[in-house]
Amino acid sequence: MSTAKKSSRLSRILGMKCPNCGEGDLFYTPTFSFKRPLDMPEHCPKCGQSYYPEPGFYYGAMFVSYIVSGFFSIGFVMILHWVFGLSIDLSFIFLIGIAAIFYVFLFRMSRSVWLGLMVKSKEDKEQA
């Protein structure tokens, strides 16, 4: 029996950790770092799980990003316009600012969600 702390699939996704072992980081740098913000290692530094299982694997992550950003954008502009009474133009200016700030976070989280949903953890493999 392993002494390593078991983590849930959700905690591995939200923590941007390896979907297999839950220990290795998916990205080289912290989320809001401007140094290499989009670079990922080829494999998990702890267990060796491939972060690029096949060519074009992360095309699905684009759909995750698109859905999340689309619903967020609609909701954000609606709240600013209807609740706070800002003009549509000013609401969109605020949206562009927020989107620019959180671009890297959304990119990384979309990849983490996609990889976490598509790759089974070692606990899942043992139960099967």
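Me: Is the crossing of α2 and α4 left-handed or right-handed?

Reply: Right-handed: that's how α2 and α4 cross. Helices here are DSSP runs (H or I, at least four residues; strands are E, at least two), numbered from the N terminus. Keep in mind that this is a predicted model, where local features need pLDDT of at least 70 and side-chain atom pairs 80 or more, while totals for chains, interfaces and linings use all residues. Residues count from 1 along each chain as its sequence is written, and side-chain values use heavy atoms, without hydrogens and water.

Me: At roughly what angle do α2 and α4 cross?

Reply: In general, you describe two packed helices by the angle between their axes and the distance between the axes. For α2 and α4 that's roughly 125°, with the axes coming within 8 Å. Axes are lines fitted to C-alpha atoms over the stretch in contact, and angles run from 0 to 180 degrees between N-to-C directions. So α2 and α4 are oblique to each other (under 35 degrees is roughly parallel, over 145 roughly antiparallel, 65 to 115 roughly perpendicular, the rest oblique).

Me: Which residues in α2 and α4 meet?

Reply: From α2 you get G60, A61, V64, S65, V68 and S69, and they meet L106, S110, R111, V113 and W114 in α4 (contact means heavy atoms within 4.5 Å). By class, this contact has six nonpolar, four polar and one charged residues. Nonpolar covers Ala, Val, Leu, Ile, Met, Phe, Trp, Tyr, Cys and Pro; charged is Asp, Glu, Lys and Arg; the others, Gly among them, are polar.

Me: How do α2 and α3 pack?

Reply: Their angle is about 135° and their axes are 9 Å apart, so α2 and α3 are oblique to each other. α2 passes α3 in a right-handed crossing. The α2 side of the contact includes F72 and F76, and the α3 side includes F92 and L95. That contact has nine nonpolar, three polar and no charged residues.

Me: How much space lies in the largest pocket?

Reply: A probe the size of a water molecule, rolled over the atoms, shows where empty space is left. The largest pocket holds about 420 Å³. On a 1 Å grid over the protein atoms alone, a pocket is an open set with protein on both sides within 12 Å along at least five of seven lines, a cavity is where a 1.4 Å probe fits but cannot get out, and lining residues have an atom within 4 Å of a point. Points join across faces, edges and corners, and volume is the space filled by probe spheres set on them. Of the 20 lining residues, S65, S69, F102, L106 and F107 are the closest to the pocket's centre. α2 (59-83), α3 (88-101) and α4 (103-118) each give two or more lining residues. The lining divides into 15 nonpolar, four polar and one charged.

How values were computed. A crossing is left-handed if the near helix is turned anticlockwise from the far one by less than a right angle, and right-handed if clockwise.
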